[in-house]
Amino acid sequence: YGLRRTLLSAFPLAIAGAAVSAWAPNYGWLMFGQLLIGVGCAPAFLACTVFIARHFPASRFAFLSGVGMGVGGLGLLLTGTPLAWLVQQWGWRSGLVLLSALAWLLIWRRVHEPALAGPAPARERWGTAVRRYGALFMLPHTLGILLLGMVGYASFLALRGLWIGPMLIDRYAFTLVESGNMALGMSLISLFSPAFFGRIDPGPARRRAWMANFSLLVAALYLCVGLVHHATLNLALVVCIAVLSGYSVLQYSDVRSSYPPDLTGRALSVFTMAMFLGVGLVQSLTGWVADWAQTQGLEPYRAVMATIAALLALGSIAFRWLPASPLLQHPGVQGKDLA
């Protein structure tokens with residue numbers, strides 16, 4: 001149906017979810033509003049990736065995906081210092097619905113997909129589409145891609161969106177605005193680090209090794225954050241994590257290189273679902289770990305950071321040792337042979 005129509009049809013649910021969340025009378029209504037926001041926003045990130053895959057050469061895919069992730073990170077800037085100040089002054093409901101409606105208007109005004117170079121693909125029946133999605137999970141290299149995808153971006157968002165503020169406030173007596181400043185700094189770095197890694201993408205032959213090694217390196221940094229109790233050193237480690245976490249954009253290039261063109265859109269879709277599923281699972285798991293650590297008389301942030309480090313290490317090991325796509329070793333393999 002096209003990216004524009006998909007986005008314009010789905011995003012009103014996000015506007016409705018913002019309204020429900022802003023004026024929710026109880027927890028149940030708040031969760032319902034969050035559900036609507038999630039469904040309404042779901043196509044946005046994938047639409048960007050599919051747009052880049054369709055209309056730009058493969059050599060520019062990593063860089064442009066990084067730019068897309070960076071531009072998307074502009075929203076994180078608003079949830080740093082500006083939001084912390086706004087919450088202190090007027091509460092968190094201010095402007096929520098208005099900004100969502102403005103986003104829909106910008107999509108309507110500015111998003112226009114150019115025509116494809118070749119003939120438009122024939123529309124599939126729903127049953128055929130579901131079967132072809134299922135076929136992706138039968139390919140041996142899909143599991144390693146999804147396991148690493150579930151922990152890479154999720155780890156950064158767990159730190160940036162959930163734990164950085166409480167950790168700085170509880171450990172070092174930062175104020176809400178001071179912790180917001182740190183979150184703002186992480187967000188600023190995240191605007192540029194994906195594009196940087198996209199620019200230095202080593203190509204299919206060496207990309208997998210880069211991804212596995214950077215995952216292990218970032219895991220070590222998380223472990224250090226948990227073990228080190230020094231404010232300046234902790235802030236420096238967090239900055240390093242924000243810079244190096246941009247490597248996750250290479251995973252999109254790896255997905256594109258690992259599947260034939262007729263499966264690229266589906267593969268990117270499945271990978272994106274795994275990535276955001278990982279965001280939810282990692283945040284829920286670390287919340288449970290923090291509760292458990294407190295009942296054991298342990299500092300929760302040390303346990304949380306150790307858990308994130310372990311997840312990244314396990315994802316890296318799985319990605320390294322599970323099979324890679326035959327397309328990376330034998331570029332002449334055809335889609336029908338791969339399936």
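The protein chain has an average pLDDT of 85, and 88% of the residues reach a score of at least 70. Among the elements of the chain, helix H15 (residues 300–321) has the highest mean pLDDT, at 96, whereas helix H17 (residues 335–338) has the lowest, at 50. Where pLDDT is low, the predicted coordinates should not be read in detail.

Helix H11 (residues 204–227) packs against H15 at an angle of about 165°, and the two axes lie 8 Å apart. Because this angle is over 145 degrees, H11 is roughly antiparallel to H15. The crossing of H11 past H15 is left-handed. In the contact of H11 with H15, 17 residues are nonpolar, four are polar and three are charged.

Ten aromatic pairs were found in a search of the whole structure. One of them is the edge-to-face pair of Trp 163 and Tyr 301, with 6.1 Å from centre to centre and 75° between the planes. This pair links distant parts of the chain, as Trp 163 belongs to helix H9 (residues 152–172) and Tyr 301 to helix H15, 138 residues apart. Trp 163 and Tyr 301 are both buried.

Phe 214 and Tyr 247 form a stacked pair, with a centre-to-centre distance of 6.2 Å and 20° between the planes. Phe 214 is in helix H11 and Tyr 247 in the loop between helices H12 (231–244) and H13 (249–258); the pair therefore ties together parts 33 residues apart in sequence. Both Phe 214 and Tyr 247 are buried. Ring pairs also join these two residues with Phe 196, Phe 197 and Trp 210 in a cluster.

Definitions and conventions. Residues are numbered from 1 along each chain as its sequence is written. This is a predicted model: local features need pLDDT of at least 70, side-chain atom pairs count only at pLDDT 80 or more; totals for chains, interfaces and linings use all residues. Side-chain values use heavy atoms; hydrogens and water are left out. pLDDT is the predictor's confidence in each residue, from 0 to 100. Helices (H or I, at least four residues) and strands (E, at least two) are DSSP runs, numbered from the N terminus. Axes are lines fitted to C-alpha atoms, for helices over the stretch in contact, and angles run from 0 to 180 degrees between N-to-C directions. Angles under 35 degrees count as roughly parallel, over 145 as roughly antiparallel, 65 to 115 as roughly perpendicular and the rest as oblique. A crossing is left-handed if the near helix is turned anticlockwise from the far one by less than a right angle, and right-handed if clockwise. Ala, Val, Leu, Ile, Met, Phe, Trp, Tyr, Cys and Pro count as nonpolar, Asp, Glu, Lys and Arg as charged, and the others, Gly among them, as polar. Rings of Phe, Tyr and Trp (its six-membered ring) pair if their centres lie within 6.5 Å; planes under 30 degrees apart count as stacked, over 60 as edge-to-face and the rest as tilted. Buried means under 20% relative accessible area, exposed over 50%, partly exposed in between (1.4 Å probe, protein chains only).
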